[in-house]
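Colleague: I would like a close look at a single part of this protein. Please set the background, then take me through the details.

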Amino acid sequence: MATDPTDIRQDLTACDREPIHVPGAIQPHGLLLIAAADGAHEIVGGAGMIEERLAADWLGRPLADVLGCDVATLLGTVLPTSPDVAVPPVIAGMDETFVATLHRGERHLLVELEPTGREAATATSILSWLDATAAGFERAADVASLYERAAKAFRVLTGFDRVMIYRFLDDEAGCVVAEDRVPGLHSFLNHHFPASDIPRQARALYIRNRTRAIPDAGYVPQPIRPAALAGIDLSDVALRSVSPIHTEYLHNMGVQASASISIVKDGLLWGLVACHNMTPRLLSPDVRNAAATLASGLARQIRAKQEAVAYRERLNLRAVEDNVVPQLQGDIPLAEIIGVVKGDLRTMLDADGFAMVTRTTIETDGHCPPPAILSMLARWAQSRGGEPVTTHELGANLPAMAEHRALASGMIAVPLRDEDATLIWLRAERITKVEWAGNPHKAVSLAPGERLTPRASFETWSETVRGHARRWSLEEIEAAHRLRRRFHEARTSQQLRGLNRELSRMVVEKDALIAQKDVLMKEVNHRVQNSLQLVASFLRLQAKTAGDGAVAEHLAEAQARLAAVALVHRRLYRDDQVESVDLSRYVDELVADMRTSMGADWAAQIRLDLAPVLVPTDRAVNIGLILTELVINASKYAYGGTPGPLMIATEQHGALLRLIVADEGRGKGKGEGFGSRMMAAMVQRLNGTLDYLDNAPGVRAIMTAPIVE
């Protein structure tokens, strides 16, 4: 019997609200000392068996006395540039030695002590092994073999019974893409895990702390003493006690020890290296640090190989496109042209069926549904605004297509306004069997007494997914957009050649009208630009008259917004293709105008890192206004109005784009003014999010939004 979806959402919300960063306890394999952040660093609290393992008399003593090293010197010379520092030499306990790691908080200095372990490797041996492993990653033929090599390498490094490369999917669920394990152990390869297995706040900590280890899942938490300090933030502490739900989760899997290493690609949590051991196992700090370094190299190789695959796909698409486009240049009707190239067009986008639908004719190639269905698809695509329509689950968008999913579960439809026609690429249904590690519809449940418990079964649970086709890649979607432009250009050329033959006596008049139109458009643009410049000059004059007060600041902001509007208008009258723009070029030009308006001092401080992203023009306008507001905020608040370093970047991650404005100053404003309200409205129109992260120092503002609606 399926779990009530409402109950599941409530349970997931409860998981997401659990304060895992303030557990009030640590794991027992190490010790924690809490000292005052100033003065003699007097120890005010701790956790673990401190009396039995480190010092019988520790509370109230200076931290340096207990550790046996000059903590003040270390804090003054090293910690300002690095928040986490291993203290040399190792700390001597009563019967063991520890490696110490310091974390500076607002009011306390946290010192975690972990046993050094018996298998201590030299720095040279670790570096040599990492270098050899990274070279092996580079030699991997593709991402699949890279994942396999990574799983083997991490298992060699950690010595765990099972090591999995776990990738997060678009729906936040996870999938094991590679695995290395001891013989006889149950395999999770290609198994999916629901998003609820890793709550949101846990994912945030995975980015903040790249490694996490639980040497013994059956441990008894060691509470922080005294109890008044139980609410202290342990986000950066590796010894932090984990959620009881997670330890029960491991118990249900039959796992006694676990470790996870974050794979962070382009600042986002791409996945995890998940390590399981069937018996307790300690992962020493030096091995964790080596694992974090190896995971960073893995992330870079994943990105490089994905980019290489995308590049090769673009080259292949361009090659087929170059064979098709010349055949569009003839003077025969479109229907006859399609009859010649329809097979190539279908092959180009790797479709199972292709059709061109007009009001009177339908040309098909491959496997297609009946003509009446194709006509309905064409009308539906035309009704969506004239832009190309892309989906890999057509039945979910158009329920009437559910009964035709065998032939048409995926579709790219490209309306050709010039011809009153629609080009349709179809992909057949791909019935897939998704293997889950347990029933995903019973991810969590509320036991009697309302205690939240994890799911207890991880037996393979298969789910048949229907109505889906293979996803269209971004490169294939871009190719469809290019074809639309090529058809438009070919049709325009064809019409011009026909007019030249049939209306030769009117050529001079036609050319004169075209020239007059161009002159008129330029004149309109010229007048608009003159008007905008006049307003800008008036604003500058008013700003000089206003002096240095708040009015001058508002006028400066108005000038910046006006510059953005002027740039947008110039682009609309300059580009041949006004439906979409290259965001990198657009931002580059907008920043060039900002440099001029902000002055030479600010201009020298602005750095750009712009990746090309093709976006619709109307979305680029909103992005430009958001960028303007972010730069204005940084110039006002980051450095107290004086110039300072400012980095502006654009990135593409799958179907998402990111606009980043980062400073190294003191933070941002309260966000209560007109500009902030306007920016919030622009972000909402883009169906995006705006996050402010710590740039250490400064603020890193990241606007994330879909490339297309």
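Modeller: Of the protein's 709 residues, 47% count as buried, where buried is under 20% relative accessible area, exposed is over 50%, and partly exposed lies in between (1.4 Å probe, protein chains only). This is a predicted model; local features need pLDDT of at least 70, side-chain atom pairs count only at pLDDT 80 or more, and totals for chains, interfaces and linings use all residues. Residues are numbered from 1 along each chain as its sequence is written, and side-chain values use heavy atoms, with hydrogens and water left out.

Confidence comes next. pLDDT is the predictor's confidence in each residue, from 0 to 100. Its mean over the protein is 79, and 78% of residues reach 70 or more. Residues 1–14 have pLDDT below 50, and this stretch has 12 contacts in the model beyond near neighbours in sequence. A contact means heavy atoms within 4.5 Å. Residues 77–88 are also below 50, with 23 such contacts. Where pLDDT is low, the predicted coordinates should not be read in detail.

Now the overall build. The protein has 19 helices and 30 strands. These are DSSP runs, numbered from the N terminus: helices are H or I with at least four residues, strands are E with at least two. Among contacts with a separation of 6 or more, 65% join residues 24 or more positions apart.

The part to look at closely is Ser262. Ser262 sits in strand 13, residues 257–265. Its relative accessible area is 4%, so Ser262 is buried. What surrounds Ser262? Leaving out residues up to four places away in sequence, Ser262 touches Tyr206, Ile207, Asn209, Arg210, Leu269, Gly271, Leu272 and Ala295. With Tyr206 there is a specific pairing: a polar atom of the Ser262 side chain lies 2.5 Å from the backbone oxygen of Tyr206. For a polar contact, a pair of N or O atoms must be within 3.5 Å; within protein, one must be able to donate a hydrogen and the other to accept it, and residues adjacent in sequence count only if both atoms are side-chain atoms.

Helix 8 covers residues 244–253, and its buried residues include Ile245, Thr247, Tyr249, Leu250 and Met253. Just after helix 8, Gly254 takes a positive phi of about 80°.

For contrast, take Leu503 and Ala592. Leu503 lies in the loop between helix 13 (474–502) and helix 14 (507–546). Its relative accessible area is 32%, so Leu503 is partly exposed. Ala592 belongs to helix 16, residues 583–598. Ala592 is partly exposed because its relative accessibility is 35%.
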